[in-house]
Amino acid sequence: MLLPSALATGEITPSNLRMVGLFPFLAIPPAWGLHAVLSAVGGIRLGLAKTRRRRVLPAVLALGLLVVGAGRTGSIYARWAGSDALYRAADGEMALAAEALDVVLDDADAVTVYIASEH
């Protein structure tokens, strides 16, 4: 499923539409993890004293990993959202040019300006 995206080197890579076939495979590991956490929490709630110690530690570790991972992911995305690389990749200068043209050109002017991107 990665091959079509890997072969498309002349375009924007990786192409998410070409990799849509990977989604079922990417959804399985988180589903297994969620099932394990819910099973551990459900086992604790049922009061199974014999297996309680065995189920508490994985549930606490999984919850801690989830919280730490979410915080780390949030900080990485926050840094990425303000990066110069994203600004250039998302044609940020074109958005600024369009805003400047909106200010300069009145609605009364019959001038239409087109700005083309490389895409």
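Which helix gives the most to the lining of the largest pocket? The answer is α2, with four residues. This is a predicted model, in which local features need pLDDT of at least 70, side-chain atom pairs count only at pLDDT 80 or more, and totals for chains, interfaces and linings use all residues. Residues are numbered from 1 along each chain as its sequence is written, and side-chain values use heavy atoms, with hydrogens and water left out.

**View 1. The whole chain has five helices and zero strands.** Along the sequence the pattern reads α-α-α-α-α. Helices (H or I, at least four residues) and strands (E, at least two) are DSSP runs, numbered from the N terminus. The chain has 119 residues, and 8% of them count as buried. Buried means under 20% relative accessible area, exposed over 50%, and partly exposed in between (1.4 Å probe, protein chains only). Among contacts with a separation of 6 or more, 11% join residues 24 or more positions apart. A contact means heavy atoms within 4.5 Å.

**View 2. The largest pocket has a volume of about 170 Å³.** Its lining consists of Pro30, Gly33, Leu34, Val37, Ala62, Leu63 and Leu66. Both α2 (23-45) and α3 supply at least two residues each. The lining divides into six nonpolar residues, one polar and no charged. Here Ala, Val, Leu, Ile, Met, Phe, Trp, Tyr, Cys and Pro count as nonpolar, Asp, Glu, Lys and Arg as charged, and the others, Gly among them, as polar. A pocket is an open set of points on a 1 Å grid over the protein atoms alone, where a 1.4 Å probe fits, with protein on both sides within 12 Å along at least five of seven lines; lining residues have an atom within 4 Å of a point. The volume is the space filled by probe spheres set on the points.

**View 3. The structure holds one aromatic pair.** The rings of tyrosine 77 and tryptophan 80 have centres 6.2 Å apart and planes at 55°, so the pair is tilted. Rings of Phe, Tyr and Trp (its six-membered ring) pair if their centres lie within 6.5 Å; planes under 30 degrees apart are stacked, over 60 edge-to-face, and the rest tilted. Both residues lie in helix α3 (residues 52-81), three residues apart, about one turn of the helix. Tyrosine 77 counts as exposed, at 53% relative accessibility.

**View 4. Aspartate 91 has a positive phi, near 55°.** Aspartate 91 sits in the loop between α4 (84-89) and α5 (92-104). Its relative accessible area is 15%, so aspartate 91 is buried. Most residues other than glycine have a negative phi.
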